[in-house]
Amino acid sequence: MSDHFTHRVLPYDGVEEFLGGTVPFLSAGVEAGDRVLAVCGTARETLLRDALGSAASAVEFTDAATWYAHPSRTLADCLGAAGRAAGRGRRLRLLGEPVWASRSPLEVVEWQRTEALLNIALLDTGASVMCPYAATLPAAVIASGRRTHPETVRGTRALANPGFVDPWTFCARCDAEPLPAPPPDADTLPIDARPDLYWLRAYVTECARQTPLPEEDLQRLLVAVTEVVTNALRHGEPPLTLRMWTDAADGASALVCEVTDEGRWPPGAGHGLLPPRPAGTASGGRFGLWAVRLLCSAVQIRTGEGGTAVRLRHDLPRTDRSTCTEREDFHAPGFHHLPCGVR
Amino acid sequence: MRRASTTSPAAYADQIRLEPGGHAMGTSWVAERSVGAILPGDHGWLAYSGPEERGRVIGPFVHEGLLTGEKVVYVTDTPAGRLPGLGHRIDVHDHLRAGRLRVISREDACLDRSGAFEPARMLDTVEREIGEAFGQGFRAVRLTTDYTWLLDEPGRMLGCEHRLGGAVAPSTMAMAICQIDRRACPPDQLIALRDLHEVLVEVDPEFDDGVLRMVRTFAPAGLRLEGELDATRHGAVAARLAQVMARHGGVHLDLSRLGFIDLGGLDLLARLAARLPAGGTLVLDHLRPSVLSVIETVGWHRLPGLVRGAGRGLPETEGIAR
């Protein structure tokens, strides 16, 4: 693979600047025989097809809402696509405009983190990635785009991005703010030194059943909690505590399950942010925390002097009842329901 | 506890095995019991898939009876010294002399003068032996025979089995296991025969701590995991699975009753599968949708050596196809 990895941000204001950056990028890929993938909405797809002309037939278009469904899954999909292309002696050329509207603040952070992690995950694949950022986006999103992309596209040139931040430093900054304290009436279960996690799962199940969490998500929650508690029992410091509550602080309601211990993770512990190397390779195989991220809507980790907290979030489906503006009438004992939209 | 409404006797409804979620297992209202848990009144059924499975059920059935002062009656033409699954664990001749073990030839037990199967004679034999054991002061009597030789006379066998159930089930001291070689029996006949029994007898579990239960399966060779598997039980699974893998190239896990497996458990299975000789696979059969969904999230490609096998959830012909 002679081509080296690139990850460029394309700031644009209007259709002309969008096409001015993306069309040369895609056309060059088609000419070079790359696997060319364009992730965008239908309006952009129509624009691009018109502008590309006959070259459009060699571009695979994918719907952005589907592609950007879950940060860790999207990262794995990117890596998978890049790896498969490289395996066939081709380069992956990806045009990807992340979805920012409709994201809660917490989700925005996780997608920004994914932009940063892409630089590490795809480094050895030789893939070329371009991410258009519209001028109409919130200023903070655009500013973060400059920190997560090593290069910026200006016209037909790519310029080194002076604001680029080392991806791990960026990730650390994502986690710099302490998590909001759990509500005082969260369901709390102290975990003793050698518990049978069967009982822990029974407790989690009972708590989850007080919420509208779908049955298929319950199993994912149980697997994630078991993994986090197993890790804390092996590597953490007692006492361990499990807390559960529902949180609507971000506008979208979520079931939160937090495991805390007094230990501190060593630097470079990884936090399961990157897909593990394929099984069978020297460092490959272990997929614990990475899989936990795939099993949850979001995972938040804080580790330091004050101990370690791992917070697993599962989005709850919107129900008629939860779209209320007043206090919810299915308030379960020990569960903290805030009126929707309250921070 | 649910009650049976379609099968008799209803008394067995309370003994139906429940899976952890509380749902009755299988498609018919029969109890399933490991041989070590067999009780007086059980008219049990063993459709074995080979000598190993047969030996590991009938051996303990006979051995346990003799050890605990019960009477054992075996209708067979096999010499007493070569009864299945006993090996050299006990001196059968000692038990024969003491009257604790009765090995009755088919001719003496159930054939008429022309050498044909005579159901009424078999019933007489069974009733006589139960009565004799009672008279001799035994607290229980265990009866067993293999019906595979009668497969070309299905009508007579079914009639006999039906009446045998009538003789054993109400008894407070008799328990019976009817054996049949499932390989020799057409599926519809197998189902008809099974349905005449209230209890499906199987091998004793390899492991059971109330949360996880492991039972050997024989066709295909492997283990059935029931309940929940997490780090506390990884070692137990690794040890039992390694034993089975040492003897068989490809191993099947029946996961129809596994409600939970943790990530470390999946990792463990993949690591064990990697130890199989080239071409060997660890096949996961009857995965529940919830467990399957977790595996698919992790990705089968991260679990090399693990293969998705037959069916979804419960096997449809519980106790028939394993």
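**Note on chain B: two domains, two sheets**

1. Chain B is divided into domain 1, residues 10-202, and domain 2, residues 207-308. The model is predicted. Its secondary structure in chain B comes to nine helices and 13 strands.

2. An open sheet of seven strands runs in the order β1-β7-β2-β6-β5-β3-β4 of chain B, and its pairing is parallel. At the edges stand β1 (31-34) and β4 (101-104) of chain B, each of which pairs on one side only. Direction ignored, neighbouring strands of this sheet are turned by 25 degrees against each other on average.

3. One pairing can be followed at residue level. Strand β3 (residues 71-75) of chain B pairs with β4(B) in the parallel sense over four bridges. Tyr74(B) has Val103(B) in β4(B) as its bridge partner.

4. Two helices are described against the strands of that sheet. Helix α1 (residues 51-67) of chain B lies across β2 (43-48), β3, β4, β5 (141-146), β6 (174-181) and β7 (199-202) of chain B. Helix α4 (residues 119-135) of chain B lies across β3, β4, β5 and β6 of chain B. The angle to β5(B) is about 155 degrees for α1 of chain B, and about 155 degrees for α4 of chain B.

5. A further open sheet has six strands in the order β8-β9-β10-β11-β12-β13 of chain B, with mixed pairing. Because β8 (207-208) and β13 (306-308) of chain B each have a single partner strand, one side of each is left without a neighbour in the sheet.

6. His252(B) stands opposite Val283(B) in β12(B). Helix α9 (residues 289-298) of chain B lies across β11, β12 and β13 of chain B and runs at about 105 degrees to β11(B).

7. How many residues of each domain are in contact with the other? Domain 1 of chain B contributes 11 residues and domain 2 of chain B contributes 12. Between them the two domains of chain B bury about 1000 Å², with 43% of this on carbon and sulfur atoms. Their centres, taken over C-alpha atoms, are separated by 32 Å.

8. Some totals for the chain follow. Of the 322 residues of chain B, 54% count as buried. The accessible surface of chain B is about 13300 Å², and carbon and sulfur atoms account for 52% of that surface. Among contacts in chain B with a separation of 6 or more, 71% are between residues 24 or more positions apart.

Methods: Residues numbered from 1 in each chain as written. Chains lettered and ligands numbered in written order. Predicted model: local features only at pLDDT ≥ 70, side-chain atom pairs only at ≥ 80, totals over all residues. Heavy atoms only, no water. Pairing = 2+ DSSP bridges. Axes fitted to C-alpha atoms, helices over the stretch in contact; angles between N-to-C directions. Contact = heavy atoms within 4.5 Å. Buried < 20%, exposed > 50% of the residue type's maximum accessible area, 1.4 Å probe, protein only. Areas by Shrake-Rupley, 256 points an atom, 1.4 Å probe, with all protein chains shown as cover. Domains from an automatic or database assignment. Buried area = accessible area lost by both parts, 1.4 Å probe.
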